[in-house]
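Here are my notes on the model, in the order I went through it. Have it open while you read.

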Amino acid sequence: MKEHRTVLIIDFGSQYTQLIARRVREAGIYSRILPCTCTADQIREAKPDAIILSGGPDDVGEPGAPTLHPVVLELGVPVLGICYGMQLLAHTLGGELGVSHTREYGRATLAPQANCGLWQGIGEKEFTVWMSHGNTVTKMPQGFTATACTKDLPLAAMADEARKIYAVQFHPEVHHTENGTCMIQNFLFRIAGLEKDWTMTSFIDTAIAQAKAQAGNSNVVLGLSGGIDSTVVAALLHKAIGPQLHCIFVDTGLMRHNEAEEVVAAFKKYMPGLNLHHVKAQDLFLGRLAGVENPEEKRKIIGHSFIEVFDKEAHSIENVAFLAQGTVYPDVIESYSAKGVVIKSHHNVGGLPETMKLSLIEPLRELFKDEVRAVGLELGLPEELVWRHPFPGPGLAIRVLGAVSEERLATLRLADHIVQQELRSTGWYRKVWQGFAVLLPLQTVGVMGDARTYENVVALRIVNSVDAMTADWARLPDDVLDRISSRIISEVKGINRVVYDISSKPPSTIEWE
Ligand code: XMP
């Protein structure tokens with residue numbers, strides 16, 4: 001199987017580590033992240049062609065602060081240290097650090113001072129960079145030259161060009177840094193001499209070959225949700241192992257307007273011949289949820305019921321040895337903190353692996369979300385599947401606040417359908433992370449014609465986000481909001497008021513329950 005070039009990123013705990021990895025991949029080079037507690041063998045086994053040391057929150061040299069593994073410098077590959085990474089290089093190679101008299105956070109103006117490989121094509125003019133430092137390098141190690149400064153920082157960058165070791169105190173991976181992409185590309189292509197070989201086509205070829213080899217003659221089950229990750233896994237495995245793949249779609253009765261029908265129709269259309277087990281379990285789910293108001297209890301009931309239904313269906317299929325999952329790279333990285341401690345173990349269909357004793361096939365575990373979308377498009381999936389907004393596993397049950405009933409679900413479905421229609425027709429669907437309606441468990445007074453009404457409230461939750469860890473409410477134009485509100489109040493029976501949620505995450509969350 002073809003091996004691709006690899007840039008190894010050693011994570012010292014910076015909030016921007018994933019961003020570094022993405023910038024490298026965007027340049028067409030495969031990157032992977034290892035926590036700074038990794039072993040020398042893990043670093044060697046990664047066979048890096050270049051290494052980037054991330055920033056981090058610690059103070060270099062303090063007790064307990066992460067240190068630099070000697071193997072990083074012994075391998076002889078180009079190294080780029082960013083922020084903490086720069087200070088660590090200086091400290092390890094015999095330079096000195098000090099507390100800067102002026103701390104710089106945010107934008108700073110960088111003046112390139114020396115003809116350095118990182119600045120090729122950028123010129124000698126000053127430009128804006130994103131800086132965050134308390135400590136700074138005060139004396140460079142032997143062999144290094146100062147390559148840039150700012151008003152408050154004489155040593156904002158340094159390099160030992162002979163050994164191909166580069167260090168910057170600012171963050172080239174952050175969008176606010178001008179020429180950041182150019183610097184990273186200079187490091188990859190001009191300094192490390194790498195050639196682009198990370199494309200989604202090459203990924204698909206490798207992933208198909210791996211899945212075939214892994215599955216052998218056994219059958220594989222996959223839980224389909226209609227979401228992007230499981231859809232792309234299905235398309236990839238359908239291509240790789242065809243009839244050995246069995247997709248199970250559990251219809252919980254908690255999907256959006258016409259969603260179950262649309263998902264099933266799309267799968268039949270775009271993956272003809274796919275083994276699709278459509279399990280209609282609405283009665284079971286709604287029966288168990290009847291009268292339950294507590295959000296956590298709702299989630300637990302739905303989670304357990306899902307496993308029960310999935311398990312039963314999977315047992316009706318012969319010769320199953322594998323469970324396929326849509327785990328993506330951020331899930332893998334989030335399972336470890338930079339210091340190597342497992343924070344949360346991720347699996348998309350909670351608890352299934354233990355109960356079913358199946359081995360996992362996770363073909364997307366190397367990919368970021370934007371890469372998953374690119375693979376989906378490359379495999380011929382349509383935009384409407386590839387660009388669907390995320391939808392929570394417990395479905396509309398956590399958007400009908402309080403007790404869930406068929407009637408309240410039907411009301412929410414109609415209101416939400418209007419939100420989806422308007423977002424799509426105005427072009428806002430693709431611009432926001434997620435947009436949906438929430439049915440509140442309260443009634444308010446209104447007036448319709450000459451009559452007083454006492455009816456339900458719908459809240460609109462429309463947010464921008466990059467990874468759902470943080471989110472901000474979307475500034476939709478007045479006329480779009482106006483149309484959504486007027487349509488919901490006139491077309492959905494039982495709703496006489498629409499409100500817009502203007503809370504950000506944190507401290508709020510995206511979903512209301
Ligand atoms: P919160 O509400 O935590 O949501 O800000 C963050 C993102 O995750 C989705 N979400 C879920 N997805 N199972 C899922 O598969 C869940 O239980 C769940 N809860 C929230 C939510 O829609 C948002 O995109």
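1. How far does a polar side-chain atom of Q434 lie from an oxygen atom of the ligand? The separation is 2.8 Å. K505 also has a side-chain N or O atom at 2.7 Å from a ligand oxygen, and a polar backbone atom of I510 sits 2.7 Å from an oxygen of the ligand. Across the protein–ligand boundary, the protein buries 68% of the 490 Å² that the ligand exposes when taken alone (areas by the Shrake-Rupley method with a 1.4 Å probe; for residues, only the protein chains shown count as cover).

2. Before going on, some housekeeping. This is a predicted model, with local features needing pLDDT of at least 70 and side-chain atom pairs counted only at pLDDT 80 or more, while totals for chains, interfaces and linings use all residues. Residues are numbered from 1 along each chain as its sequence is written, and side-chain values use heavy atoms, with hydrogens and water left out.

3. Back to the ligand's surroundings. R299, P390, P392, G393, P394, W433, Q434, A468, K505, T509, I510 and E511 surround the ligand (a residue qualifies if one of its heavy atoms lies within 4 Å).

4. E511 deserves a look of its own. It belongs to the segment after β18 (helices, H or I of at least four residues, and strands, E of at least two, are DSSP runs numbered from the N terminus). E511 is buried, at 12% relative accessible area (buried is under 20%, exposed over 50%, partly exposed in between, with a 1.4 Å probe and protein chains only). Its side chain makes a polar contact of 2.8 Å with that of R399 (a pair of N or O atoms within 3.5 Å; within protein, one must be able to donate a hydrogen and the other to accept it, and residues adjacent in sequence count only if both atoms are side-chain atoms). Leaving out residues up to four places away in sequence, E511 touches P392, I398, R399, Q434 and F436 (contact is heavy atoms within 4.5 Å).

5. The chain splits into domain 1 (6-191), domain 2 (200-386) and domain 3 (405-500), with bounds from an automatic or database domain assignment. The C-alpha centres of domain 2 and domain 3 are 29 Å apart. Their contact takes eight residues from domain 2 and seven residues from domain 3.

6. On packing: the largest nonpolar core has 46 residues, and V221, I248, L254, V458, L460, L476 and I488 have the most contacts inside it (such a core is a set of buried Ala, Val, Leu, Ile, Met, Phe, Trp, Tyr and Cys residues joined through side-chain atoms within 4.5 Å). Domain 2 and domain 3 each give this core at least three residues. A second, separate core of 44 residues includes A207, A240, V263 and V372.

7. R497, in strand β18, is partly exposed, with a relative accessible area of 35%. Its side chain makes a polar contact with the side chain of T444 (2.9 Å), and a polar atom of the R497 side chain also lies 2.9 Å from the backbone oxygen of V445. R497 and V445 are 52 residues apart along the chain, with their C-alpha atoms separated by 8.7 Å.

8. Last, helix α4 (residues 84-92): seven of its nine residues are buried, so it is largely enclosed by the rest of the structure. The buried ones are Y84, G85, M86, Q87, L88, L89 and A90. After α4 comes G94, with a positive phi near 100°.
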